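Reader: I am new to reading structures. Could you take me through some features of this one?

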Amino acid sequence: MRRTILIFILTFSYLSTFAQEVDLLRLGYDLPAIQSKQKGMAVSPDGQLIVFLYEDKTVKVFDVSIGRFIKKFKASYEGLFDVQLSSSQQLILVEGKIVRVVDLKTESEIAQYPLEAEATKTVYSGKHNLIAVGQKEGYVAVIDLKAKKQIFETQYKKHHVSALALHPDGKKILVGVMSFLKSNNPLKQYDLTTGKEISESPGGTFTMAVYDETGDHLIISGLNFLGTKSIVQMWDANTYKLVKSLESEFFIATITANGGVYANNKLLALTASRSFNVYDANSGSAVFTTKSDKWKFSGYPGMGVGSFNIFPLDKENETFFLNASGNNINQIYDAKSNSIIAYFYSDSNDDYAVVSKDGRVDGTADALAKVFWTTRLTLQRTTLESSMEKGFTPRLFNAVLNEESTSLASFDVDDAVAKVPVLAIKSINAKPYSENTAVTASQKNSTVTVEVESNPDEVTELRLYQNAKLMKSLPGTGATTYTFDLSLSTSFGEENFFYVNAGSKNGIDAEKAKFTITYKGATEEKPTLYLITIGINKYKNPKYNLNYAEADANGVENSIKQSSSGIFKAIVPYNIRNEKAVKSNILAALDDVKKKSLEQDMLLVYYAGHGVMAGESAADKEFYIVPTDVTQLYGKEEMLKTKAIAASSLKDYAESINAQKQVFILDACQSAGALETVTERGAAEEKAIAQLARSTGTFWITSTGSNQFASEFEKLGHGIFTYALIEGISGKADTNSDKKLTVRELSTYIENKVPELSEQLKGTAQYPSGYSFGNDFPLVVYK
């Protein structure tokens, strides 16, 4: 009890000192769910590239301008201490007693610089391309990366370098050191050209030193003379005299700022406990904190040691990228609104998620299922995936950087979750069910009863998924129990994985109620592939004609037939081209598959033609694929409703078709006659298709926002997207060489290959999208 009271008192003392904005959004993930821990990240000086490094030696590069990862490779590094990224796309790795430089373009190491001792502090100047490394025993080295040589070295003989600052003029460096036991040591300034000491400050215990933009002022952090309280102060950089205190002296030394950046009269700093604090020089007070409760005090031998980087994302120094959590979740701080406006989760595989302050989300299916909000009152978890219907926003990273940050309202997790229904599996085949119940069945047909334990009146729809594919949905009636009929299968083996979720009135889905039934019945016969290919070159309105949609559809059909015959009993093709590609013919093909297909079968739909977002209002907008007899893409919603095929119709077919393995590939492009709408349509179309994939549990691979150029066909024989698709099916997408091509492997190959080809042929990278909320499965088995 005494320990509890003490912690409470200390915490209260710390928090009550901050009369300012506090970051309230609680995000987390389970450690076993990730592939590798993030070890470091850095932002280029122009704010355009962010590089992430992980424990498994993976390096990933994120392009801020397009909001996508553009490169992933393996690098060699051990004991990574810090990472920086130069304007010439050189990756600077500080590891123990060495500095390595890796060229991002060639993915190869181009230089090494040995250090005298282990690194304890680093600082990088993007303007002058200088990296300074403070080390144990007081060694300091400065490397000029442009000149490719070390230009300065000194030793300030103490236990380790604890504070380090390069002057904005690139000609001087300031060094602070820490003794093994408490003692007050002055900051010393050195001339980088002559190597001589220029000046020194009064003695102190310093954990951070940062110059302002002009170099006229110095912001320091450390401990007071007695070593009992932390301080943050602004000094005159020439006289070392106190100008202003930026923080009340805290009784707790563990929240001392260890690194940061000063811009626009604000100090942004990270503490030893990874708390992120913002201090306003005008008011002389702290104005923001993430309120870290991870108290850490390593004693004097560890004070000031570590990498505590905060990177600007814009020239105005208004938005910054940082990691205040010490894990795979990074933050974007906006100085204008004085708040964390977004969070960025990434893993060393292809997973990432972006979460905005107001609760919008973007990212890969797996990441959205791994990362969760946690309520403060009950610690109840709600995955990001649950808000797909309400808050999914493609290209969210770019959106939060470009929109008016002061208008963003904070997402109240507790309030939102309080109204979300809670589901539980009550019984299977009339027998009570609990999480540890093992269920086995020999009969193909079963039943499950689902109980709505709370908020039954909030349910809009209950959905049953089998092996991740939507099988049935029931409208919400306010009842507390619902019953589904099940049809078991061996499509993915004996184990049938089910879950039930529920839509709610506030747009956030209930968490999944999961169960598994092991089916011991008869093994099904070999599956049939139902292959629908649609290609439209000629539209009734000739201004919408396309160059090679027909050739693309023919190429995909032939490639699938040649490569996939080994795993299917039969391939049933539906070839729909040009004037035959009207709504009635396309739906007739889907109706035929609906009538004939069994659970073990596969449906693959390929569409090459126009795609459009349309609706009388933003709330009514829906994605349509456009048959040949649609004569106007925009402004005539009634024509689209009559002659085009809406996403909601495709959803109904995906649910009602028995085949549990479904893939939809859309090369929904734009011709020159519709190019003016590409930018506006892109994000909305991505959102519609992603929500469709998630709601049905099916695979969707799209060329979102692409356009047609005859030069592509002349060089490749196909459009870029379909060329990559066919190349992947032929075997190049089987990256693990196991003689099986899965849908996810194909999607990943297309997402990587299309940007490369489009940049070569058009000078601008085109980025397709893959949405894979279903179970992975093989599409091709090679001999």
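Author: Start with burial: a residue is buried under 20% relative accessible area, exposed over 50% and partly exposed in between, with a 1.4 Å probe and protein chains only. Helices (H or I, at least four residues) and strands (E, at least two) are DSSP runs, numbered from the N terminus. The model is predicted, so local features need pLDDT of at least 70 and side-chain atom pairs pLDDT 80 or more, while totals for chains, interfaces and linings use all residues. Residues are numbered from 1 along each chain as its sequence is written, and side-chain values use heavy atoms, without hydrogens and water.

Reader: Which residues of α13 are buried?

Author: The buried residues of α13 include Val-743, Leu-746, Tyr-749, Ile-750, Val-754 and Leu-757. Glu-745 and Lys-753 are also among them.

Reader: How do I read a pocket?

Author: On a 1 Å grid over the protein atoms alone, a pocket is an open set of points with protein on both sides within 12 Å along at least five of seven lines; a cavity is a set where a 1.4 Å probe fits but cannot get out, and lining residues have an atom within 4 Å of a point. Points join across faces, edges and corners, and the volume is the space filled by probe spheres set on them. Here the largest pocket holds about 1500 Å³. Its lining has 47 residues, with Phe-69, Ile-70, Asp-350, Glu-751 and Asn-752 nearest the centre.

Reader: Which element gives the most to that lining?

Author: Helix α13 does, with 8 residues. Other elements that supply at least two residues include β5 (58-63), β6 (68-74) and α2 (365-370). By class, the lining of the largest pocket has 16 nonpolar, 14 polar and 17 charged residues. Nonpolar means Ala, Val, Leu, Ile, Met, Phe, Trp, Tyr, Cys and Pro, charged means Asp, Glu, Lys and Arg, and the others, Gly among them, are polar.

Reader: What is the volume of the second largest pocket?

Author: About 1200 Å³. It is lined by 43 residues, and Tyr-124, Ser-125, Gly-126, Val-261 and Pro-312 lie nearest its centre. Strand β22 provides the largest share of the lining, 6 residues. The classes in this second lining are 21 nonpolar, 14 polar and 8 charged.

Reader: How many cavities are there?

Author: There are 5 cavities of 30 Å³ or more. The largest cavity has about 80 Å³ of space. Among the residues lining it are Ile-532, Leu-590, Tyr-607, Phe-664 and Trp-700. Its lining divides into 12 nonpolar, no polar and no charged residues.

Reader: How many aromatic pairs does the whole structure have?

Author: Rings of Phe, Tyr and Trp (its six-membered ring) pair if their centres lie within 6.5 Å; planes under 30 degrees apart are stacked, over 60 edge-to-face and the rest tilted. The search finds 26 pairs. In one of them, Phe-321 and Phe-397 are tilted, 6.4 Å centre to centre with 55° between the planes. Phe-321 sits in strand β27 (residues 319-322) and Phe-397 in helix α4 (residues 396-402), 76 residues apart. Both Phe-321 and Phe-397 are buried.
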